[in-house]
Amino acid sequence: MDPEEFRRAGHAVVDWIADYWATVGQRPVTPSDPPGTVAAALPTTPPTTGGEPVEAVLADLDAIVVPGLTHWQHPSFFGYFPANTSGPSVLGDLVSSGLGVQGMLWATSPASTELETVLMDWLAHLLDLPQRFRSTGTGGGVIQDSASSATLVATLAALHRASGGRWRDTGIDRRYRAYTSTHGHSSIEKAARIAGLGSDGTRAIDVDPDTQAMLPAALRAAIEADLAAGDVPAIVVATIGTTSTTAVDPVPEIGAICAEYGIWLHVDAAYAGAAAVCPELRWSHAGLEYADSYCFDPHKWLLTGFDCDAFWVADRAELIEALTVLPEFLRNAASDSGAVIDYRDWQVPLGRRFRALKLWFVLRWYGAEGLQAHIRSGVRLAERFADQVRADDRFELAAAHPFALVCFRLRADDDVNAALLASVNATGRVHLTHTRLAGRYTLRMAIGSPQTTATHIDDAWTLLATTAKDLLTP
Ligand code: PLP
């Protein structure tokens with residue numbers, strides 16, 4: 001494909017995406033075909049001769065792929081957490097793909113590294129993160145592919161610290177422990193397992209049954225019990241916005257405990273961190289000055305397409321020391337001078353995409369005010385939905401809704417609630433997911449698509465309320 005052919009095909013693809021976005025709200029949110037439908041519609045072998053026009057691929061996208069998609073950008077997609085994308089994000093990603101640079105070292109693409117460093121400082125400013133995370137001091141930020149990777153990297157740095165630097169050479173030589181609440185994300189246990197802590201290496205700390213937030217006293221008790229048994233507490237992962245309910249762990253109290261015992265504190269704000277672009281929601285970041293590392297996912301709720309996790313450390317030297325490996329073939333004068341950042345030392349893989357570009361496009365297109373408007377719209381719509389639940393005696397709210405997730409259920413047993421979820425999802429008009437709270441089946445309504453309006457919320461509520469009527473009528 002020469003540049004002129006690319007130009008022509010590229011216009012067709014951009015038109016296709018624009019048409020998709022303009023009409024996505026008219027599609028069923030989820031596919032209904034049985035497993036294997038998409039695979040069966042595809043040839044079993046690749047084409048021998050090339051030259052198929054992009055139009056033919058787009059036609060197959062329309063005929064085969066799109067009907068088999070769950071439409072995460074649909075205004076009535078309310079499952080999991082949102083995975084926003086946006087025009088500027090896609091355009092930034094397109095430029096990144098077109099440039100095709102590798103930013104593993106400063107020397108392999110200086111502008112890629114320097115733009116990322118500046119943008120991470122911009123983001124820190126936007127969220128009003130503590131000064132200790134800024135690259136102008138001892139800290140700094142880096143883009144990871146996901147919050148899961150951020151937690152893994154934090155765990156490795158924590159092991160480096162907890163072992164007094166021996167971990168690099170000796171591996172796991174003691175029983176190291178990770179701590180998170182019973183509502184901490186599964187990626188925390190996975191990171192601990194990958195790091196070699198074993199399947200019992202992660203302590204699940206009890207939460208307050210009313211707020212689902214970690215109990216600091218239970219954390220302290222677990223740490224002291226482990227110390228008494230000769231184990232080494234390595235990392236505590238506190239969550240701002242848990243996956244089940246968006247509970248906010250008491251980071252000030254947890255941070256004070258970590259400081260007392262010299263334990264690495266990682267704060268996982270994968271979903272809710274984006275809320276801190278709004279000053280009125282920054283209460284959720286209280287205590288962050290204790291954190292050794294912090295992350296949030298612009299790819300969830302900040303209009304930046306997957307993948308983009310923003311990860312900061314308070315002391316970049318500790319992270320780099322933990323992860324650096326310098327083979328001869330990567331040696332270069334700039335790295336040797338110590339004057340540049342080599343992001344390969346801040347992550348697990350060597351190679352890295354130029355993800356800062358999509359963030360740059362997003363931040364310049366929306367500005368702080370545009371991003372605040374997006375977050376505030378989600379929060380407002382969640383309040384609207386919660387009011388509807390509250391006003392209907394057959395339903396109850398199952399947790400607080402500080403951000404844009406509403407957990408609710410029918411005042412009925414689990415089977416009825418599961419049937420309600422299955423019924424509304426089967427219509428293809430909405431898509432919600434569920435969790436269990438204190439053992440009880442609970443529906444989750446996660447709002448956050450930029451296309452979602454009050455009408456979509458009201459339609460979803462009407463569908464839920466009428467379906468409930470059918471289910472509850474004997
Ligand atoms: N942490 C929390 C609190 C989450 O809610 C999620 C995903 O929903 C993750 C971590 C994992 O995010 P990622 O897919 O970026 O690894």
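This is a predicted model: local features need pLDDT of at least 70, side-chain atom pairs count only at pLDDT 80 or more; totals for chains, interfaces and linings use all residues.

1. Lys-300 has 26 C-beta neighbours inside 10 Å, so it counts as buried, the cut-off being 20 or more.

2. Where does Lys-300 lie? The residue belongs to helix 11, which covers residues 298-301. Setting aside neighbours within four places in sequence, Lys-300 is in contact with Phe-81, Pro-82, Ala-83 and Asn-84, and also with Ala-270, Tyr-271 and Ala-274.

3. An unreviewed UniProt entry places the feature "modified residue: N6-(pyridoxal phosphate)lysine" at Lys-300. Please keep in mind that such annotations may be inferred rather than shown by experiment.

4. Now to the ligand. Which of the 14 residues around the ligand come nearest? They are Ser-146, Ala-147, Ser-148, His-185 and Ala-270. Ala-270 is also one of the contacts of Lys-300. By class, the shell around the ligand holds seven polar, four nonpolar and three charged residues.

5. Strand 2 (residues 140-144) deserves a point of its own. Five of its five residues are buried, so the strand is largely enclosed by the rest of the structure. The burial applies to both faces: Gly-140, Val-142 and Gln-144 lie on one side, with Gly-141 and Ile-143 on the other.

6. What does strand 2 pair with? Its partner is strand 8 (residues 309-313), joined to strand 2 by five bridges in an antiparallel arrangement. Within this pairing, Val-142 has Phe-311 as its bridge partner.

Definitions and conventions
Residues are numbered from 1 along each chain as its sequence is written. A residue is near a molecule or strand if its C-beta atom, placed from the backbone, lies within 6 Å of it. Ala, Val, Leu, Ile, Met, Phe, Trp, Tyr, Cys and Pro count as nonpolar, Asp, Glu, Lys and Arg as charged, and the others, Gly among them, as polar. A residue is buried if 20 or more other C-beta atoms lie within 10 Å of its own, exposed if 12 or fewer, and partly exposed in between; C-beta atoms are placed from the backbone. Helices (H or I, at least four residues) and strands (E, at least two) are DSSP runs, numbered from the N terminus. Two strands pair if DSSP finds at least two bridges between them. Two residues are in contact if their C-beta atoms, placed from the backbone, lie within 7 Å.
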